[in-house]
Amino acid sequence: MSRLRHHLQLLCLLLSMALPVAASAGDALRVLTWPGYADADVVKVFEQRTGSRVEVTLIDSDEALWQRISSRDAADFDVFAVNTAELQRYIESGLVVPIDSAAIPNRALQLPQFSDPDAVPGIMRDGKLFAVPYTYAEMGLIYDRKQISEAPDSITALWDPRYQGKVLVYNGGSHNFSLASQALGHPTPFQLREEDWPAAVDKLIALRRNVLSFYTQPDESAELFVSRGAALLFANYGSQQLKLLQVAGADVGYVIPREGALAWLDCWAVTRGVKNKTLAEAWINYLLEQGPGEVLTARHGLATTTSQPSHQEGSGRLVWLEPVENTERRIRLWERIVSGDRASRVLAP
Amino acid sequence: MKVGIAVKLGLLLALVGVLAAGVTGFYAYNSSRALLVDSAKNELLTSTHVLARRITLVREELSRNLQTLTRHPAALAALQAANPDQEDQLATLFRLRMESDPGYFQIRLIAAGNGGMERVRVDRDGKELIRVTGDELQEKGHYSYVFDTLRLAAGQTYLSRIVINRERGSHSALGQPAVQLAMPVVDPQRGPLGVVVINVDLNGLFALLAADLPQEYQLFFANQEGDFLIHPDRSRTFGFDRGRRVLIQDEFPDTRDLVEGRSQQVMTDTGIASDSSAPLVAAFIAQQASVASNEKGFILGLAQPRAAVIKQADALGTVILQIVLGICLVCILLAALVARAVTRPINLMSAAVEGFADDDSAKDLPVRRRDEIGALARSFSRLRTQITQQVAELRQSRVELEHLAQHDTLTGLPNRALFGDRMEIALASARRDDARLALLFIDLDRFKPINDTLGHAAGDLILKEISDRIRAHIRESDTAARIGGDEFVVLLRNVSHPDDALSVANKIRDAAALPFIFDGQPPITLSVSIGIALYPDNGIDMLSLAKHADTAMYSEKARNRMFATPEQD
């Protein structure tokens, strides 16, 4: 019988050798993106249409994204979603390649503020298009209307001792420093001067002491918010989290604080390690269609670049994310803060 | 051996035997395989339950340890007020506990206040245990093992999600799969003041639990959502930590029922993952978290390569094959014997029929058998006896008929036809040997009156007597025959001299002259006339010799001369 099995294995081997002919037509498109950007049903339509296979990998922080793309010189992925601020270091490191605008005809469907490259800072470099805007969100505050009767109008509400142990904040190094900087009243939250650091660290330690917890994923934040009776949520994923909480039955409001809400605009970019650039561009073009756009808005509460956003509570301005003065330092210090270190140790070299 | 009934019958019987043995063997092998797979599944399921029970025991032991530590007066005292002595005492306790449990990464006492400041902390760093103090102590209030545990009553256990530990400065635990178990330290007046947290090394714990499982067993452990936490292929664990989930229900589709809570246990032997090289036989069970936890439950499974299970069947298969081959050999042998036993009597009968008249072959007929062949043999034997008897009778009749056709019925002497034959043979012989023979014609004188007066019966008696007298005076090689009413001929072979023939004639004449005596009758006397012809002296063929002898006889009758004159013509 073992011989029979041997023959069967041999047969399988021969069959599998015949298969790559069919498979090569659909080389896998390796997508690195955020939760909600490439749902299985959206991916399936693209796979059926192009006969390709799409491998989606999800990340939940800018740091993780940078790590995954830069670690092997962008060889592991073909296309990824990144915000315009983060995009700059990818361009500078040569990790992304220009996109052929003609290959993305659906850009014509985008609202003028997104289709006009000059209107979106950071997606053009030396006259070449490096990214196509996909979705955006401002990081407003979500609050529980039952616990907070009056909508908080400042970012400093996160530090309000009344909400001690009832605040949820995103576990992200770079822009938590921007948040602290905003709360401290600095004019340029993305550029910390050397003398600003101790105060920023202190501010973040104070934040740590006031929060219930730090979250990374939208689902996780909604679950914590509802089950632990949180009152205030810094919505790193913006309206996506609002939607999740509404679906979960929470009576929540969404507000843009007066300091202005940090806002990110996520774009699709193509890596220098791309195996099939045409397929990567087809992917970007496909996601600008109405179908994927509806999934984005209806299912995840995310805004699209092709339709006007639904109006949200709050009247503060948006502060578009910009590259920060030293990402590594912000992350290193943040990791110490989130691990529970005190200021002296956080600021240690 | 010719392709006869024996060969055909033998082949048929052998074929049936071999087929029966083969089919039986095949089914025995197949069902034994199925049985083995089933028993392997049940064995795996039992082992999985045992393992689950052990996990529960380990968890209970952890709870007991936590209870011991949280109820220790030093714990409460250290939390109520800064008290280095109590902290030292507690650190020693932690250290002792960690020395006896190599699966513990950390034991900590964390205060509820001060942002969840760690008060006493012992970390494992490689083989060393480190007491973390002073500035290195961290605030952990924002971790769920602190804020969720503080909501529990005294003595209740909190179980964290199982994740990769990302807390900076946690020594050996950093970057490792870990799970925290915690319990509040409760002041009867002031409520919970802090928590004691034990950080458990997941891989170390399972390595210990699964240590005495068979080598080939593969251990799977997943959370309620199906994310692998333990997998023989490390790269498939904690996929969510790397942004790409690797789910048990994708690798083992049957486990979807466990993930979705439709059943408590599944057994599968078709769980062939797309990137798994060998099919597995596996058992999985769902286990609910029995303590306060952010994990809803777990899925625990054990698998065994199908090949290893089937290997036992292959050993059995070899034995079955040997038995089948043995039975086949016996079948072939038996078939040959049966074929011989059936066809031997048939061959015997056939030989008996071939040698129908041969008594020897008839002796071998299997008439003593009590079966159909015996009956056939007996019938055949009877038939044969009848036929043989009838043929003998026919042969007898023919001999008699032949005798009748060649002999005179009254005297028993050869008749004219037989005498003619003998005469021809004798002539041919004499001609070849250049020998002499004599032909004697004998006629009774005055026989007719006797016949008329005494009657035919007396005449017949006289003719018989005369025949006997003639026969008495010739050699055995000579022939006497009656060729007419009272006419006889005698052929004398190898007559060396004419006088010899004459001598025989005289003896016959003398014998005939003796009186015949009948009952109550006067004796009768007769005489005979004899003519002699000699070959080659008086003729060289029968006709001329007969003519000559006839002539000589009549001459003697007439002239009382014995010798005929030589032929004139």
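This is a predicted model: local features need pLDDT of at least 70, side-chain atom pairs count only at pLDDT 80 or more; totals for chains, interfaces and linings use all residues.

Trainee: How close do the axes of α4(A) and α5(A) come, and at what angle do they cross?
Mentor: The axes of helix α4 (residues 62-71) of chain A and helix α5 (residues 84-92) of chain A come within 11 Å, and they cross at roughly 20°. Because the angle falls under 35 degrees, α4(A) counts as roughly parallel to α5(A).

Trainee: And which residues meet there, from α4(A) and from α5(A)?
Mentor: On the α4(A) side they are D62(A), L65(A), W66(A) and I69(A), and these meet E86(A), R89(A) and Y90(A) of α5(A). By class, the contact of α4(A) with α5(A) has four nonpolar and three charged residues, with no polar ones.

Trainee: What about α9(A) and α10(A), at what angle do they pack?
Mentor: Helix α9 (residues 218-227) of chain A packs against helix α10 (residues 239-247) of chain A at an angle of about 45°, with the axes 9 Å apart. α9(A) and α10(A) are therefore oblique to each other, and their crossing is right-handed.

Trainee: Which residues of α9(A) and α10(A) make that contact?
Mentor: From α9(A) there are P218(A), D219(A), S221(A), A222(A), F225(A) and V226(A), which meet Q240(A), Q241(A), L244(A) and L245(A) in α10(A). The residues of this contact of α9(A) with α10(A) divide into six nonpolar, three polar and one charged.

Trainee: Switching to rings, how many aromatic pairs are there over all chains?
Mentor: The count comes to 22 aromatic pairs over all chains. In one of them, the rings of F252(B) and F284(B) have their centres 4.9 Å apart and their planes at 50°, so this pair is tilted.

Trainee: Where in the chain do F252(B) and F284(B) sit?
Mentor: The pair links distant parts of the chain, since F252(B) lies in the loop between α6 (248-251) and α7 (256-259) of chain B, whereas F284(B) lies in strand β11 (residues 280-288) of chain B, 32 residues apart.

Trainee: Is F252(B) buried or exposed, and what about F284(B), buried or exposed?
Mentor: F252(B) has 1% relative accessibility and so counts as buried, and F284(B), at 0% relative accessibility, counts as buried as well.

Trainee: Back in chain A, which residues form an aromatic cluster?
Mentor: Y37(A), F46(A), Y134(A), W268(A), W283(A) and Y286(A) form one aromatic cluster.

Key:
Residues are numbered from 1 along each chain as its sequence is written. Chains are lettered from A and ligands numbered from 1 in the order in which they are written. Side-chain values use heavy atoms; hydrogens and water are left out. Axes are lines fitted to C-alpha atoms, for helices over the stretch in contact, and angles run from 0 to 180 degrees between N-to-C directions. Helices (H or I, at least four residues) and strands (E, at least two) are DSSP runs, numbered from the N terminus. Angles under 35 degrees count as roughly parallel, over 145 as roughly antiparallel, 65 to 115 as roughly perpendicular and the rest as oblique. Contact means heavy atoms within 4.5 Å. Ala, Val, Leu, Ile, Met, Phe, Trp, Tyr, Cys and Pro count as nonpolar, Asp, Glu, Lys and Arg as charged, and the others, Gly among them, as polar. Rings of Phe, Tyr and Trp (its six-membered ring) pair if their centres lie within 6.5 Å; planes under 30 degrees apart count as stacked, over 60 as edge-to-face and the rest as tilted. Buried means under 20% relative accessible area, exposed over 50%, partly exposed in between (1.4 Å probe, protein chains only). A crossing is left-handed if the near helix is turned anticlockwise from the far one by less than a right angle, and right-handed if clockwise.
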